[in-house]
Amino acid sequence: MPQKIFAPWDDPQEKPLIRFQNVTKRFGDFTAIDSIDLDIYAREFFALLGPSGCGKTTLMRMLAGFETPSSGTILLAGQDIAPVAPNQRAVNMMFQSYALFPHLSVWDNIAFGLRREKRPKDQVAARVEEMLKLTRLTKFARRKPHQISGGQRQRVALARSLAKAPKLLLLDEPLGALDKKLREETQFELMDIQEKTGTTFVIVTHDQEEAMTVASRVAVMDEGKLMQIATPDRIYEAPNSVYVADFIGDVNIIEGKAHQVGELVQLDWAEGQPALAARTDKNLGLAQTCYLAIRPEKVSISADRPGGANALQGEIIDIAYLGNLSTYHVKLPTGHVIKAQQANTRRISRRPFTWEDKVWVSWTETAAVVLDQ
Amino acid sequence: MRRLILIAIPYVWLLALFLIPFVIVVKISLSDTALARPPYFPQWDWSLGWAGIKDFFAELDFENFWFLTTDDLYWKAYLSSLRIALISTLMTLLVGFPIAYGMARAPEHWRPTLMMLVILPFWTSFLIRVYSWMGILSQNGLLNALLLGIGVIDEPLIILNTDTAVYIGIVYTYLPFMILPIYAALEKLDGSLLEAAEDLGCSRLSAFWLVTVPLSKQGVIAGCFLVFIPAIGEFVIPSLLGGSETLMIGKVLYEEFFSNRDWPVASAVAVILLLILIIPIVLFQRNQQKQAEAEG
């Protein structure tokens, strides 16, 4: 039986849970959000990714109700949410600072939202216990927030925002305050909880690895605009612009003039150098300026000239040793520096290349992505 | 050894400037009044040796404290002081909290200026400020002139030399002591806590009661003590702004010391006042300590 792939965004029948229609937000004469259209579907784990100041937090705060759009509408399950006050929305937020109430115990923090709904006491207690169990905090229920660790505080914040079973959970840099190891563990925990509860998550982050790990889809933002919305693998393998390619992961960008024959593009990129070949489904004009984006791990490095399409000779000027991987910086005679990554399958003493070695870098026609912006 | 010296400094300070004077006051309160200099008896007589010490202690008694209970002036003055101090502390809180709240919510670049404005009155002598209130509140003072001028009232209000004037004076004088600790507590308050409360279903008002108020509790308590303690022993404000009916223990104390020249009774009054003040302070401190231990 083929497993059903979760991809509501490909299904034209599917109604989005959240729809941004031409939403703009200005603060004075600064435009934080510039006429954005965006659909987010139920049960998605949606990541808003971008550098600080790109408008991702503003976008999220509009969902929570702390900001109102200057123009455009935001629909939640088909309803305009502009007139709905933050305390009336079926949306909860996990704050970057966690915003745990310091005067209340873990238990009371989690119960805070439930009590505001005037639910009966035993129901509140049952729900809090359930949340404590979900986030493995049962032992710490009686403690105050300053008596638990950062990771536990993060889980309290998550439990508190999930307690009211919101339609939509907003997470503002939820793992920013945790160290790397804990962050990685927590990412999987978050995904697990998202799957168990079936809640739609929207996460804001500037950490591209985090976005790639947890999200079903990623929106890359820059200066108030959405640059690309796609699944993590599409964002990585098929970025639509130099900005996205550069923001996500490491990349070599080579600028040149295109000569296209069918699917094959020949790129004139430097005086007296053979053209670089790449395949694309784009239609480029003659001599149009375009860019090749090649991921370092798709560039191979060898001592002898390899066969195949794109091979360039250069000199190793730098080696970044990451333990499992090494990134070689190879300087070409034209001045370009090409990064090539190799897995360190052998002990470091047997590394075949070292500084100032003359080497060949090469990649296949399909390895590079042709970008026109 | 160095540690011992470091610890000793504050203790020596307390001993020399608080405990020894207090012991002297207690001793005077147990003595009898005398037409002498100093105006009380017995005196410590070194020349008589051990017998002198025994005689000295034999002369001490609680007569003055007993005397305080026989004349209802004293306990009425204590009660009236307590009442005036309590009410004016409450009024100072009601005026001070919104001001502190406004300051803490003001744009950051405005806060030093606002803080300056709160502290500014301290640059003028306290006495001059209280006198100037006489000019404002008197029957043909500024306030009445203003109200008559704009036609709100037909006859001048009688405010000066009433309890109202005393309340106004105390609230005015001690307002900064209320504002500053509350401001300090509110300024530390993380704005995202209020957003979180709203996000979890609170209205603005309930977020204020459930988050802002409990988190500024320490500041409110500190402010109330800073106002209540000096207000209960206040002497200048009731004697300048209050009327003949305004009974406060500070005034009684002054009369006993300087008009009546009865140092032992005056000292007894002071000792009782101190006990009245120490009890709530000790209770408050124990409460604080318990809370700190619970949070430890």
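## Ground rules

Helices (H or I, at least four residues) and strands (E, at least two) are DSSP runs, numbered from the N terminus. The model is predicted, and local features are described where pLDDT is at least 70, side-chain atom pairs count only at pLDDT 80 or more, and totals for chains, interfaces and linings use all residues. Residue numbers start from 1 along each chain as its sequence is written, while chains are lettered from A and ligands numbered from 1 in the order in which they are written.

## Chain A as a whole

Let's begin with chain A, which has eight helices and 20 strands. Its C-alpha atoms fill a box of roughly 80 × 55 × 50 Å along the principal axes. Of its 373 residues, 38% are buried; a residue is buried if 20 or more other C-beta atoms lie within 10 Å of its own, exposed if 12 or fewer, and partly exposed in between, with C-beta atoms placed from the backbone. Among the contacts in chain A between residues at least 6 apart in sequence, 65% join residues at least 24 apart. Here two residues are in contact if their C-beta atoms, placed from the backbone, lie within 7 Å.

From the record, UniProt places the feature "domain: ABC transporter" (unreviewed entry) at residues 18-248 of chain A. UniProt positions are given in the numbering used here, feature names are shortened, and annotations may be inferred rather than shown by experiment. That span of chain A, residues 18-248, is 36% helix and 26% strand, and its end C-alpha atoms are 25 Å apart.

## Loops of chain A to look at

Two loop residues of chain A have a positive phi without being glycine. Tyr98(A) has phi near 75°, a positive value in a residue other than glycine, and sits in the loop between β6 (91-94) and α2 (106-116). Tyr98(A) is buried, because 24 other C-beta atoms lie within 10 Å. For Glu173(A), phi is near 45°, again positive in a residue other than glycine. This glutamate belongs to the loop between β7 (168-172) and α5 (180-197) of chain A, and Glu173(A) counts as buried because it has 20 C-beta neighbours inside 10 Å.

Two further loop residues are partly exposed. Ala42(A) lies between β2 (30-40) and β3 (45-49) of chain A, in the loop, and is partly exposed because 16 other C-beta atoms lie within 10 Å. Leaving aside neighbours within four places in sequence, Ala42(A) is in contact with Leu17(A) and Thr200(A). Pro306(A), in the loop between β15 (300-302) and β16 (310-321) of chain A, is partly exposed because it has 15 other C-beta atoms within 10 Å. With neighbours within four places again left aside, Pro306(A) is in contact with Ala311(A), Trp360(A) and Ser362(A). The C-alpha atoms of Pro306(A) and Ser362(A) are separated by 7.4 Å, although these residues are 56 apart along the chain.

## Chain B as a whole

The C-alpha atoms of chain B fill a box of roughly 80 × 65 × 35 Å along the principal axes, and buried residues make up 28% of the 296 residues.

UniProt lists "domain: ABC transmembrane type-1" (unreviewed entry) at residues 78-284 of chain B. Residues 78-284 of chain B are 77% helix and 0% strand, with end C-alpha atoms 21 Å apart.

Helix α1 (residues 2-29) of chain B has 28 residues and reaches 39 Å from its first C-alpha to its last, close to the 40 Å expected at 1.5 Å a residue; the expected span is 1.5 Å times one less than the number of residues. α1(B) is hardly covered, with two buried residues among its 28. A kink of about 40° is centred on Leu15(B), where the bend is the angle between axes fitted to the seven residues ending there and the seven starting there.

Further along, the peptide bond from Phe41(B) to Pro42(B) is cis, with omega near 5°. Pro42(B) is in the loop between β2 (40-41) and α2 (49-59) of chain B.

## Where the chains meet

In this model, 15 residues of chain B are in contact with 17 residues of chain A. On the chain B side, α9 (191-199) and α10 (204-215) each supply at least two residues, and α9(B) gives the largest share, six residues.
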